[in-house]
Amino acid sequence: MFINWHDPDHVYLVCGKTNLRKGIDGLAMVIAENYGLELYDNSLFLFCGSRNDRFKGLLWDGKGFILLYKRFENGHLSWPRHSSETKKLSARQLDWLLKGLNPLPVRRIKAAQPGTFY
């Protein structure tokens, strides 16, 4: 079965570390208990453990859950570790993630120099 990563209506990235020993039921409980998101709404949920070279996905296909597992052989993910929340990803952000780029770049604002006006 071929999965098109862009087919789901919603793609959610679960920030932070998730225990990837969990299966379908365990990951579904993480979403239901911690985030209150709808599991059966054509959504893809992405989870990463402590290693940055693999992640799991949970997808409802209308008849049952599909558990996806992806491992990068040459490279790693740039997974946001800073919080325990979910972030909704756009198609572009999902592509960035699958290429190993951070889908949620940190914006750094430089402090203005005193006496400098534009």
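I began with Phe65, which at 23% relative accessibility counts as partly exposed (buried is under 20% relative accessible area, exposed is over 50%, and partly exposed lies in between, with a 1.4 Å probe and protein chains only). The model is predicted, so I noted that local features need pLDDT of at least 70 and side-chain atom pairs pLDDT 80 or more, while totals for chains, interfaces and linings use all residues. Residues are numbered from 1 along each chain as its sequence is written, and side-chain values use heavy atoms, with hydrogens and water left out.

Next I looked up the aromatic pairs, taking rings of Phe, Tyr and Trp (its six-membered ring) with centres within 6.5 Å, and calling planes under 30 degrees apart stacked, over 60 edge-to-face and the rest tilted. I found five aromatic pairs by this rule. Tyr12 lies in strand β1 (residues 10-14) and Phe45 in strand β2 (residues 43-48), so the pair ties together parts 33 residues apart in sequence; strands here are DSSP runs of E, at least two residues, and helices runs of H or I, at least four, numbered from the N terminus. Tyr12 is buried at a relative accessible area of 14%, and Phe45 is buried at 1%.

I then turned to Tyr40 and Phe65, whose ring centres are 5.6 Å apart with planes at 45°, so this pair is tilted. Tyr40 counts as partly exposed at 47% relative accessibility. I also noted that Tyr40, Trp60 and Phe65 form one aromatic cluster.
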